[in-house]
Amino acid sequence: MIPDLELQLSVTIKALRDVVLPAINPGNGVATEQTHLALATLGMVRAHLPLRQKLAQTELNHALAMAQSLDTGATAETAFAAARERAKAVADNPASGQDEMEMARLALLEEMERLIADVPTDRFAALGRSCLAAMKPQLDLQRRWAADAGFDPEATGLPAIDEMLSQSPANAKGTPVSR
Amino acid sequence: MVDPRNAPDQHFIDALRRRFPCEAEIDRVLTAKLKQRGRPDYRRESLDEVVAGIERLLRHHLDDEFTITNPGWLGGGASKIQVAFHLDWQDRETARSRDLVLRMEPPASIVETSRTREFEALTTVAGIVPVPECFWVDAEGAFLPHPGLVYARATGVTRPSKRPLGQVSGIGTNFGPELRPVLGRQFVRHLAAIHTVAPERLAQMTAFDGVPVGSNASIIRQVNWWRRVWEEDRLEAQPLVEIAARWLRENAPALDHVSLVHGDYRAGNFLYDEESEQITAWLDWELAVLGDRHQDLAWLTGAHFGHYAEDGTTFLASGLLPVSELLERYEQASGLTVDPARLRFFRVYNDFASTVHMLGTACRVARQGSTHQDVLVAWLAMIGPGIAAGLRATLEELL
């Protein structure tokens, strides 16, 4: 057996915390701060590592929901429509890997941003509102994912990350937290 | 899919410059950033190499001998490399001896800014509010490893030494109930003084383009600045940023008064003396602009820089004063009005710019490994989702 990722992370955290940190010259504030942040980052990675595949699936589903909000019927046969079809095919294929899902999501986001930039002024407000409503679950997910950093106290009031990742696109609703 | 942002070519750079026109000095800095990108991985200069750069800069400016002693890395701040040192030198007939700080850019930064503009802003407010005395600037890294400026090392602390540590970079600092009103009054008085610097003094700031009253052109130019940075730095697209930029361009108010705007006026960016409880220096002027006072007011009353008082219900802007009291005191001290509509506009603007910094630039520079503190930059990027969520919610109400 070789050490698994969980074991490798836990021994690295222990070494930094118990050996490296106490050995740093207390006058070296930069090294002390960066070591504390390295420890906190590794702790977060350790908690999130098993969730990567689910995260990729959920984020792709959120991007598709946002694309749905931008579908005005007038966008067929465009780069946006092609990116959306591709993303849908990847999302529907149970064999899709993490990288494949990520590439499909990025390509779709690219086309959505372009579509917003090009939309005529008279349609901007309606399309913008629809898109803003559709992007809430994705932003809530990102807030929850980053909650342990402590910058966004309200994010801890969002549903647990496991719960957010298990939501299907059809029932990926908003959350009790207002923003 | 190859991302052209990883190693931008001239065509990519020219297209962005045409699409998002901004101030000349900002354009110079951003263009230089893109031309630098794609070079080999960052290697942090040794302290000796940086000191050698300081010596080259000083030889250029000083006729007589000088001595540098006690150089050392300085913590604090998320975007610039700082080195403290002591300098003894001869200034014409006078022997001088000062503790100084070199504030130098890393190869890439969470905000790419101009040392010339920072130097001009600091010298403009010298004598008006406490700032470190400025000595020399190396705008393009002709002597230093990278562009930088040298100023006096200010004394003081950013937070009470006896209270628990808050977040990195002074975010959420709790000064305690006794100190708050004392610092709060100075905080407001200094802000009012900065925002009412005389026009003839502002006119001497040559690295800042002219800003006409009665027009929203300068504010649209600021929107263009950060929209361009988003296009240069982002690792993934985000329709929220484009929606925000369009809303800001379409709703930018005409300027009613030209102020020097600090750009990052908040707890964490001033030093104070713990014994006298006096603010000793305002730092971090790199985001200064000539523009609308409401930009600073919206920033310093923002949710992420304050906290609730002990009663659990009173929100303290920058951890110092309740928002309504702070704005009232500001109006009295400055003689300028606070317009809720402009305040709301600049809340959107600030959240838009912060979203660009955190979800765009911070992730880009941390991935490139091109700062002296990538782990801090990547950590700060996690502020981004909360700010973006706030921006989304506000835009949903406004659209």
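This is a predicted model: local features need pLDDT of at least 70, side-chain atom pairs count only at pLDDT 80 or more; totals for chains, interfaces and linings use all residues.
Residues are numbered from 1 along each chain as its sequence is written, while chains are lettered from A and ligands numbered from 1 in the order in which they are written.

Strands (E, at least two residues) and helices (H or I, at least four) are DSSP runs, numbered from the N terminus; two strands pair if DSSP finds at least two bridges between them. B:Leu271 stands opposite B:Ala281. Six residues lie between the two strands of this hairpin, and B:Glu277 in the turn has a positive phi of about 60 degrees.

**Entry on the sheet.** I then traced an open sheet of five strands in chain B, in the order S1-S2-S3-S5-S4, with antiparallel pairing. Its edge strands are S1(B) (66-74) and S4(B) (134-138), each of which pairs on one side only. S1(B) is joined to S2(B) (81-91) by seven bridges, and B:Gly72 stands opposite B:Ala84. Helix H3(B) (47-61) packs on the sheet, touching S1, S2, S3 and S4 of chain B.

**Entry on helix H8 of chain B.** I noted that H8(B) (239-251) has 13 residues and reaches 18 Å from its first C-alpha to its last, close to the 18 Å expected at 1.5 Å a residue; the expected span is 1.5 Å times one less than the number of residues. Because 10 of its 13 residues are buried, H8(B) is largely enclosed by the rest of the structure. A residue is buried if 20 or more other C-beta atoms, placed from the backbone, lie within 10 Å of its own. The buried residues include B:Trp247 and B:Arg246. They pack against H3, H5 and H6 of chain A, together with H7, H11 and H13 of chain B.

**Entry on the two chains.** I recorded 37 residues of chain A in contact with 30 residues of chain B, contact meaning that C-beta atoms, placed from the backbone, lie within 7 Å. H5(A) gives the most to this side of chain A, with nine residues.

**Entry on confidence.** The model scores ipTM 0.90 and pTM 0.92.

Note on methods:
Two residues are in contact if their C-beta atoms, placed from the backbone, lie within 7 Å. A residue is buried if 20 or more other C-beta atoms lie within 10 Å of its own, exposed if 12 or fewer, and partly exposed in between; C-beta atoms are placed from the backbone. Axes are lines fitted to C-alpha atoms, for helices over the stretch in contact, and angles run from 0 to 180 degrees between N-to-C directions.
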